[in-house]
Amino acid sequence: MDFRTEAIETNNMIKSCPDEDLHQQTRLQKDNCISSLQAQGEAQDKDLDIKHSVSNFSNIYSSDLLPSRNGEKCTEQFMLEVVDILLSYIKKTYDGKTKVLDFHHPHQLLEGLEGFTLELSDQPEPLEQILVDCRDTLKYGVKTGHPRYFNQLSTGLDIVGLAGEWLTATANTNMFTYEIAPVFIVMEELILKKMHEIVGWGENEADGTFSPGGSISNLYSILLARYKRFPAVKTKGMAAIPHIALFVSEHSHYSIQKAAAVLGIGTDFVIAVKCDERGKMVPSELEAKIQATKKEGCHPLYVSATAGTTVFGAFDPLADIAEICEKHGLWMHVDAAWGGGLLLSKKHAYKLSGIERANSVTWNPHKMMGVPLQCSAILVREKGLLESCNQLCAAYLFQPDKQYNVDFDTGDKTIQCGRHVDIFKLWLMWKAKGTRGFELQINKCLELAEYLYNKLKSRDNFELVLDTEPEHTNVCFWYIPPSLRKIQLVPERNLKLHKVAPKIKAMMMEEGTTMVSYQPHGDKVNFFRMVFSNPATRKSDVDFLVDEIERLGKDL
């Protein structure tokens, strides 16, 4: 019997199961239906290694899946259907002819779309509806792996990374002790050592952990800096220490201010340091701010330099900042969430020169390295500081008399108890690509940024926000509609120009063809911020974006 015949017979067999509501069926009827599925599956497995058969899930419920008795075949067929949905979505994601999104307003999703409702019911729904919900959830979402999705710093859909995420979810374990996550714990230690070496630290002198995103990694850096200088804060709180000040670039990520609020330091004590026209922190301005803060009776504690700012992609002068931090005895943190990936490129790593002098580094592999969200590391130069800062020795988890080396029970050095396994997808991708593969991927993204920069420079209807070549993959620009080109008065022109990017973005999302972000910045009116981190993007996609902006905006 061939596969097609078996599939048809399986479908007919399934359709013969009772169609009544779950609660009206007898248990015997349900068991017979499931038993028939299992018997058919066993027969298939004996004849051929059949991987898939047509199934009707209109009368099958989650209670019929494993660990239900005789739930093996139902589970297999349900999971195969889910895999089909995912594979279809992946193929569409990489097809440049498909839409990036099918946009709907929030009220439309709340009201329900074509049978897709987000409302929850008291009674279970059949797996047929669950599969429909899976399809619709992807249908009405955004294809962030699409080669024409440029909206955020994290883009792309790496297949090996995706496989790693699936396996991670299947393992469904926690990262606090070696006893329940032995392989993942050792993987994390090895990856952290690798990242320490790339930063420029000796493999035995450093520490780190993976956290739920760059904002939390940055929070760790402040937490550690404060504890290192004032260990009593752990038990006595902020009342036991003087007012402390944190220094950041005026183009730094807002997460530093959020962390200051969370940690009780206060946003007023986050001091913004002036940047040059390229968006880099000015060292002399940092020195002046530190001196002024001391005179005001505040205690300078910490400087966060940025390697790859969010908007302009600027790299602060790390070596010069390190000199100032060492002079004043300040903790130096480098927020390399966006730019850390460039350390893997021989061509571009020089932009982070001086990072080896930092006390801590944030590095997000889910950005330039293309690891599926989320994957962020906080790297710490001093071994043991994370543990002494955060350790509380919960006796139900961290028993000292276990039969293995309890140094691998890493959970007590984090601020979380439960911690998601973010390491496997990164480890698996590193195995699949090698360091060289990441380097080629990152170099390609920067080449695309240079291509766009040169393309916009030659177009009369586009203006670059920065005249200099991009340091990172950020390219910021204005589109100038024909109606604005003759306006000479700057205030009038800027007032109108400020509305152009939002209008084009709205039309772009309604049509679903591509996505790119915009924002104002300082005294600059709304402009487009293009970033590249998706290995699937090609020059033809860049050409499409430029032409699409012009098509949508020419009549504004």
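Me: Is E382 buried, exposed or partly exposed, and which residue forms a salt bridge with E382?

Reply: With 33% relative accessibility, E382 counts as partly exposed; buried means under 20% relative accessible area, exposed over 50%, and partly exposed in between (1.4 Å probe, protein chains only). In general, side chains of opposite charge can pair when their charged atoms come close. E382 forms a salt bridge with K228, the closest N and O atoms being 2.8 Å apart; the term requires a side-chain nitrogen of Lys or Arg within 4 Å of a carboxyl oxygen of Asp or Glu. K228 lies in helix α8 (residues 214-229) and E382 in the loop between β8 (376-380) and α13, so the pair ties together parts that are 154 residues apart in sequence. Helices (H or I, at least four residues) and strands (E, at least two) are DSSP runs, numbered from the N terminus.

Me: On what basis are such values given?

Reply: This is a predicted model, in which local features need pLDDT of at least 70 and side-chain atom pairs count only at pLDDT 80 or more, while totals for chains, interfaces and linings use all residues. Residues are numbered from 1 along each chain as its sequence is written, and side-chain values use heavy atoms, with hydrogens and water left out.

Me: How many salt bridges does a search of the whole structure find?

Reply: The search finds 25. One of them joins E179 to K402, with the closest N and O atoms 2.5 Å apart. K402, at 14% relative accessibility, counts as buried, whereas E179, at 48%, counts as partly exposed.
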